[in-house]
There are 2 protein chains.
Amino acid sequence: MNIKQKGLLIVLSGPSGVGKGTVRKELFNLTDKLKYSISMTTRQKRPGEEDGKDYYFVTKDEFIKRIEKNKFLEHAQFVGNYYGTPLDKIEECINKGDDMLLEIEVNGATQVRHKLPEAVLIFLVPPTKADLYERLKSRGTETEEVIQERIKKADSEFPEARFYDYIVVNDNVADAAKRILEIINAEHSKRIRVYDEYIKMLKK
Amino acid sequence: MNIKQKGLLIVLSGPSGVGKGTVRKELFNLTDKLKYSISMTTRQKRPGEEDGKDYYFVTKDEFIKRIEKNKFLEHAQFVGNYYGTPLDKIEECINKGDDMLLEIEVNGATQVRHKLPEAVLIFLVPPTKADLYERLKSRGTETEEVIQERIKKADSEFPEARFYDYIVVNDNVADAAKRILEIINAEHSKRIRVYDEYIKMLKK
């Protein structure tokens, strides 16, 4: 039994290439209590993708209107397209008491820290820097130039860990996912989150 | 893999009668990575008890000398006897990187907060106040007067939860122990505990 409380917003981020997507998928295999925040984008829908499942697909005009109305928790531009996290879905979810996970780039996570300080920020890191470089190189689908750009990006992202609540090592996908689930569970027992409700409980 | 760090001092406390001892025993069934802090006392050794296993048994003179030399993390008097937590054993343990659990009364935990702010303080609570009263009454081994005293003591201890890091509900021993283990594991990923070592790791 957890003491009654709002849901948590869990932000999973980390340097480019660290394996956020893989760990996130494994985490969702471990629990059915977590909701996944679907991003909104202006990029073209790819074959097999579904609107409202993979992304919310909108036009550039629509996206910019939403930025102006402050309807994103965070947003960014990437290779000419916009990507953002709709704020209303998150508020609805956590007010209902459900936890929501957001898997985003390092840039976006910094925006979340400012807008929603009660969010739980988790930074996924490789066991060593050399290990991440290896991963980026071994993907094999990218040119040397793209690889060098991603290494440069990762290098600039590593120090951002200092703004996060937790640092989790992705030495092994199963262990990293388990560690994140333990963090989520532990956060639900934090005194600052449950104290008011605990005091109410004492009247029973 | 956890990032290298000092061991944690985990303090398990909570109101009189909440079931700290039972939950602690269950926790030690779940993990072999945790050391238990053995208290020092001036009370008589009971049949079956071992020095250095159940308690460190010392004389009142010896105990008072140790208080004067500031050799306790916390200490208290209870029914004419002294009880205390030897500081040297804890420092030795956490400097080696091992976690240590301390199961103590609410009074003692407040002393720990001041002396060792990096300790993780967990407050065990009953699902309701009525539930705790029931537990105290149903022990059956105590007189009505003793029961009323323990209820009064518990009542004065409930609000102390506000000085703790976590509040864990003991609705069920197995769940409470599991929740405490998750808290311990999550604490090992806290950025404030691992950041320096993470920065070193980046050089590899």
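Analyst: In this predicted model, A:Val125 is in contact with A:Gly14, A:Val18, A:Ala161, A:Ile167, A:Val169, A:Asn170 and B:Tyr198, when neighbours within four places in sequence are left aside; two residues are in contact if their C-beta atoms, placed from the backbone, lie within 7 Å. A:Val125 belongs to strand β8 of chain A, where helices (H or I, at least four residues) and strands (E, at least two) are DSSP runs numbered from the N terminus. A:Val125 counts as buried because it has 26 C-beta neighbours inside 10 Å; the cut-offs are 20 or more other C-beta atoms within 10 Å for buried, 12 or fewer for exposed, and partly exposed in between.

As to conventions, residues are numbered from 1 along each chain as its sequence is written, while chains are lettered from A and ligands numbered from 1 in the order in which they are written. In chain A, five strands form an open sheet in the order β2-β7-β1-β8-β9, with parallel pairing; two strands pair if DSSP finds at least two bridges between them. β2 (34-36) and β9 are the edge strands, each pairing on one side only, and the twist from one strand to the next averages 30°. Strand β1 (residues 9-13) of chain A pairs with strand β7 (residues 99-103) of chain A in the parallel sense over four bridges, and A:Leu9 has A:Met100 as its bridge partner in β7(A). Helix α3 (residues 87-95) of chain A packs on the sheet, touching β1, β2 and β7 of chain A, and its direction makes about 145° with that of β7(A). Helix α4 (residues 106-115) of chain A also packs on the sheet, where it touches β1 and β8 (120-125) of chain A and makes about 150° with the direction of β1(A). For these angles, axes are lines fitted to C-alpha atoms, for helices over the stretch in contact, and values run from 0 to 180 degrees between N-to-C directions.

The largest nonpolar core has 94 residues, of which A:Ile10, A:Val11, A:Ile122, B:Ile10, B:Val11 and B:Ile122 touch the most other members. Such a core is a set of buried Ala, Val, Leu, Ile, Met, Phe, Trp, Tyr and Cys residues joined through C-beta atoms within 7 Å. Not counting residues up to four places away in sequence, B:Ile10 touches B:Asp99, B:Met100, B:Leu101, B:Leu102, B:Val120, B:Ile122 and B:Ile184.

Chain A is superposed on chain B by a rotation of 180° with 0.0 Å of shift along its axis (RMSD 0.0 Å), which is the relation of a two-fold axis. The superposition is by least squares on the C-alpha atoms of residues with pLDDT of at least 70 in both copies. In chain A, the C-alpha nearest the axis is that of A:Glu182, 2.5 Å from it. Both copies use the same surface, since 100% of the contact residues of chain A recur in chain B.

Exposed positions complete the picture. A:Asn70, in the loop between α2 (60-68) and β5 (72-78) of chain A, has a positive phi of about 60° although it is not a glycine. A:Asn70 is exposed, with 9 other C-beta atoms within 10 Å. A:Ser156, placed in helix α6 (residues 144-157) of chain A, is exposed as well, with 12 other C-beta atoms within 10 Å.

How values were computed. This is a predicted model: local features need pLDDT of at least 70, side-chain atom pairs count only at pLDDT 80 or more; totals for chains, interfaces and linings use all residues.
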